[in-house]
Amino acid sequence: MNITIKQSSLGEGLVRPLILTLICLLSMTFASAENYPYRSDYLFTTIPNHADWLYKVGEKAEVEVIFQLYGVNKTVECEYSIENDMAKHTEFKKITLKDGRGKINMGTRKTPGFNDLMIRTNLNGKSVSHHIKVGYDVDKIQAWTKEPADFKSFWDGVLKEQQKSKLSYTKTLAKEYCTDKFDCYLVKLQLVDNHAMYGYLFIPLAAKQGKKCPVVLCPPGAGIKTIKEPLRHRYYAENDMIRFEIEIHGLNPTMSDEQFKEISNAFNENNGGYMANGIENPNRMYLKHVYAGMVRCFDFLTSLPEWDGKNCAVQGGSQGGALSIIAAALDPRVNICVANHPALSDMGAYSADGVTEGWPHFNANKLKPTKEVLSTLAYYDVVNFAKYVKADTYMTWGYNDNTCPPTTSYAVWNNFTCPKESLITPVNEHWTSENTEYGHMVWIKNHLK
């Protein structure tokens with residue numbers, strides 16, 4: 001079951017279908033809750049008194065809580081805590097769910113944002129926890145991060161420097177991923193300063209018969225890792241789209257998982273890893289060649305003779321969602337952008353008390369918020385790129401996400417000035433369903449020129 005709320009930027013307002021959250025976690029220790037647990041005896045059900053989980057500032061939110069064991073309501077002693085989105089839960093109150101039912105007043109907020117309700121219990125020696133977030137005046141959420149005065153000229157200069165180097169790549173048939181509908185190639189794309197990116201390029205066989213096809217770039221989620229399941233999104237090529245699924249670290253995806261793990265352990269320390277590499281100088285930041293590399297990917301894709309000459313799309317989630325928005329902002333050739341729960345959003349907010357910051361959560365990595373660090377992060381923050389996107393944009397996110405929290409997703413969404421549509425799935429944590437993923441392709445297909 002995937003219950004959603006659709007929201008449009010074109011003045012249609014919010015559609016408010018009935019939302020019912022069925023969530024619990026069975027584990028030996030308290031941990032982040034998962035939705036719709038597999039083979040669990042325990043079930044929390046939470047029902048906000050607003051079906052869309054949204055309220056006005058000053059308006060009180062009330063949540064009905066139901067607890068079941070084997071599908072039967074059970075009286076249980078619980079404790080709960082209410083905090084700002086992503087704040088640590090430290091003070092808990094007690095509540096008895098008599099016959100498995102109770103109501104919790106989540107109160108309100110004085111400012112736009114999200115509150116997070118954490119509820120937990122211990123039954124038969126098992127710890128069970130669940131959380132739910134509700135929003136207040138979410139369309140008024142503003143980013144903490146401010147745009148540097150020379151933001152645009154900085155990136156114009158980076159891209160101008162990149163264009164001095166000729167397009168260079170290798171392209172090798174990857175027979176293991178070819179089908180009767182498309183061919184697959186392993187591509188190594190050369191970037192500036194000896195950097196490179198690898199990717200799997202899927203070209204529909206219809207292109208061999210002369211059909212011209214749109215191109216879709218798919219940047220990856222976070223981490224130093226191989227390209228998992230290259231055929232997972234095969235339906236793009238099966239719908240006559242050229243798809244380029246990439247990694248960003250210049251590592252051949254045919255290496256073993258063990259080799260990737262060794263490299264990740266060597267370079268991705270707990271201080272923020274590659275995200276913190278060069279973080280005190282925007283010209284030395286690791287992400288500089290990654291962001292510019294998005295444009296170089298489109299240099300490559302638009303050089304293909306199979307390209308239709310019109311449509312350049314980008315699609316990704318989390319870090320990939322961030323890079324999708326950045327690609328659309330930096331490259332005017334991009335006319336379609338699809339991003340879910342974008343990371344790298346309002347990153348510098350970790351330095352401010354009571355403000356929700358986005359992944360990579362430098363607070364947890366104990367990165368000192370020096371003037372130089374905060375200045376650099378502003379050049380790389382998605383909230384500052386969002387306002388430069390001109391492409392038709394489709395964004396999805398969930399409210400229960402503790403990796404890329406809803407507060408920062410709205411900070412991005414509210415900065416868009418482009419034509420935009422959203423699919424909001426409140427129950428989602430940091431995941432999207434297969435139906436939602438397939439819907440991304442359908443949305444792109446429906447917006448081709």
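Which residue stands opposite leucine 123 in S12? Lysine 126 in S12 does. The structure is a predicted model, in which local features need pLDDT of at least 70, side-chain atom pairs count only at pLDDT 80 or more, and totals for chains, interfaces and linings use all residues. Residues are numbered from 1 along each chain as its sequence is written, and side-chain values use heavy atoms, with hydrogens and water left out.

Helices (H or I, at least four residues) and strands (E, at least two) are DSSP runs, numbered from the N terminus. Two strands pair if DSSP finds at least two bridges between them. Strand S11 covers residues 113-123 and strand S12 covers residues 126-136. The two run antiparallel and are joined by 11 bridges. Both belong to an open sheet of 5 strands. The order of this sheet is S5-S12-S11-S8-S9, and its pairing is mixed. Strand S5 (54-55) and S9 are the edge strands, each pairing on one side only.

Two residues in loops beside this sheet's strands have a positive phi. Most residues other than glycine have a negative phi, and most peptide bonds are trans. Methionine 86 has a phi near 80°. This residue lies in the loop between strand S8 (76-84) and strand S9 (93-97). Methionine 86 counts as partly exposed, at 25% relative accessibility. Aspartate 99 has a positive phi of about 50°. Its place is the loop between S9 and strand S10 (101-107). Aspartate 99 is exposed, with a relative accessible area of 52%.

The bond from tryptophan 359 to proline 360 is cis, with omega near 25°. Proline 360 lies in the loop between strand S19 (336-340) and helix H6 (371-379).

Methionine 395 stands opposite serine 422 in S21. S20, helix H8 (residues 406-413) and S21 make a right-handed β-α-β unit. A crossover is right-handed if, with the strands pointing away from the viewer, the path from the first strand over the helix to the second runs clockwise.

A cavity is a set of points where a 1.4 Å probe fits but cannot get out. A pocket is an open set with protein on both sides within 12 Å along at least five of seven lines. Lining residues have an atom within 4 Å of a point. Grid points are joined across faces, edges and corners, and a volume is the space filled by probe spheres set on the points.

The whole structure holds 1 cavity of 30 Å³ or more. The largest cavity has a volume of about 30 Å³. Its lining consists of His341, Thr396, Trp397, Gly398, Thr425, Asn428, Trp431, Thr432 and Thr436. By class, Ala, Val, Leu, Ile, Met, Phe, Trp, Tyr, Cys and Pro count as nonpolar, Asp, Glu, Lys and Arg as charged, and the others, Gly among them, as polar. The cavity lining divides into 2 nonpolar, 7 polar and no charged residues.

The largest pocket has a volume of about 660 Å³. Strand S17 (242-246) and strand S18 (307-317) are the elements that give two or more residues to its lining. S18 gives the most, with 3 residues. The lining of the largest pocket has 28 residues, of which Pro220, Gly221, Lys225, Arg232 and Gly317 lie nearest the centre. The division is 7 nonpolar, 14 polar and 7 charged.

A disulfide is a pair of cysteine sulfur atoms within 2.5 Å. By this rule the count is 0 disulfides. Cysteine 184 is in none, and the nearest cysteine sulfur, that of cysteine 178, is 5.9 Å away. Cysteine 184 is buried, with a relative accessible area of 0%. The sulfur of cysteine 218 is too far for a bond, because the closest cysteine sulfur, in cysteine 297, is 11 Å away. Cysteine 218 is buried at 7% relative accessible area.

Key. Buried < 20%, exposed > 50% of the residue type's maximum accessible area, 1.4 Å probe, protein only.
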